[in-house]
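I opened this entry to keep track of what I looked up, in the order I looked it up. The structure comes before my notes.

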Amino acid sequence: MLNHSLIADFPIDPALHNKMDKVFKEVEQANTESIIGQLYKLSSQMLKQEPNQYEQLKSLLDEHSASVHIDDKKILYAFMHTFCVKSNNPMYINKVRKLYVRRFEEGLLHEGEFISLMNAKGLCTTLLRFTQATDPTERLSKIAAEEKMQEVVQELRLEHRKSTLQFHLGVLEFYFKNYIKAIQILMQKTKYANAFFDFDARTVLLRSYYLLDDEDDDAFYNQIRTFKLVLKKDKSISDAYKLGYSNFIDSIRMLQEIKYKFGKNEKRISIEKLEKFMSQNPPTVLSWLQTQLNLLKQ
């Protein structure tokens, strides 16, 4: 319940907190040496946003890892993941990324023989982040990231491996500013496992075309028209997600137009218009768009 409350702002009756505490007291009285009871109690305190509980939980779990059942490990690590993600603290976000890879390596993300598609996507995105790490001891080389991605996708069901790897290799080239190579990979015909892969690939394609600074904009605008058409026809994702992608398409189109405006006043007005649009209509990959817009202000 506490974990769910962090994920979805689920309200909990205050009286239930007392019942939770009562459960932990009963566990302690039944077995004063119960490690599993201590671990879940620390999880409860952590999910109530009490300070320092994350580090205590991680330390105790590391110390007694061999004696904790794999099912409990999966649950406890999931609690830690939620806490870190919802903290909005860069330090904890970095911790959860490293923990995510560790969970994969220890088989804690497997559901039977395979890992889920979205876990594979999350893991590969984490590896991409590590290629950009400011700390050289944490930074992954392009080759190391690609090798680890290969390892991740091998744990997927066979039918999803090729397209998942293709998508992330395209994004990897984008991260290393090899925009032509990124386009070549992402333009290869493939059937993605779901619409999120397809639409995210299209956002990377549009960003790659934008950053190429090619005077021939036909490919850029063709991709916009195709994206809009596919988005309109899709019935698999919610309207809220579709709106975010639609706002991205409109935002990057406006961004492209600003890039070729040379009049100072005309450019300033267009920038203000785009800033207002994005504030009222939040797009997917907002931070990237804001970075590009700030560059145009210089």
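**Entry 1: salt bridges**

I started with K98, which forms a salt bridge with E138, the closest N and O atoms being 3.1 Å apart. For a salt bridge I required a side-chain nitrogen of Lys or Arg within 4 Å of a carboxyl oxygen of Asp or Glu. K98 lies in helix α6 and E138 in the loop between α7 (117-130) and α8 (142-153), so this pair ties together parts that are 40 residues apart in sequence. Helices are DSSP runs of H or I with at least four residues, numbered from the N terminus.

I noted the ground rules at this point: the model is predicted, local features need pLDDT of at least 70, side-chain atom pairs count only at pLDDT 80 or more, and totals for chains, interfaces and linings use all residues. Residues are numbered from 1 along each chain as its sequence is written, and side-chain values use heavy atoms, with hydrogens and water left out.

Next I checked how open the two partners are. Buried means under 20% relative accessible area, exposed means over 50%, and partly exposed is in between (1.4 Å probe, protein chains only). K98 is partly exposed at 42%, and E138 is partly exposed at 21%.

I then searched the whole structure and found 18 salt bridges. I followed D62, which forms a salt bridge with K58 at 3.1 Å between the closest N and O atoms. D62 and K58 are 4 residues apart in helix α4, which means about one helical turn separates them. D62 also meets R102 in a salt bridge, 2.6 Å from N to O. Because D62 lies in helix α4 and R102 in helix α6, this pair ties together parts that are 40 residues apart in sequence. D62 has 32% relative accessibility and counts as partly exposed. K58, at 25%, is partly exposed, and R102, at 23%, is partly exposed too. I recorded that K58, D62, R102 and E106 are linked in a network of salt bridges.

Which residues of helix α4 (residues 53-63) are buried? I listed Q53, Y54, L57, L60 and L61. They cover an arc of only 140° around the axis, so they sit on the same side of α4. The arc is taken from the directions from the helix axis to the C-beta atoms. I looked up what these buried residues pack against, and found α3 (35-47), α5 (70-87) and α6 (90-105). Contact here means heavy atoms within 4.5 Å.

I moved on to S65, in the loop between α4 and α5. S65 counts as buried because its relative accessibility is 18%. Its side chain makes a polar contact with the side chain of K73 at 2.9 Å. A polar contact is a pair of N or O atoms within 3.5 Å; within protein, one must be able to donate a hydrogen and the other to accept it, and residues adjacent in sequence count only if both atoms are side-chain atoms.

**Entry 2: aromatic rings**

I counted 13 aromatic pairs in the structure. Rings of Phe, Tyr and Trp (its six-membered ring) pair if their centres lie within 6.5 Å; planes under 30 degrees apart count as stacked, over 60 as edge-to-face and the rest as tilted. Y54 and Y92 are an edge-to-face pair, 5.3 Å centre to centre with 75° between the planes. Y54 lies in helix α4 and Y92 in helix α6, so the pair ties together parts that are 38 residues apart in sequence. Y54 is buried at 1%, and Y92 is buried at 13%. I also noted that Y54, F83 and Y92 form one aromatic cluster.

**Entry 3: nonpolar cores**

I finished with the cores. A nonpolar core is a set of buried Ala, Val, Leu, Ile, Met, Phe, Trp, Tyr and Cys residues joined through side-chain atoms within 4.5 Å. The largest one has 58 residues, and I115, V152, F227, I252, L255 and L274 touch the most other members. Helix α11 (residues 195-212) supplies the largest share of this core, 9 residues. I found a second, separate core of 23 residues, including I12, L42, V68 and L99.

Methods:
Helix = DSSP H or I, 4+ residues; strand = E, 2+ residues; numbered from the N terminus.
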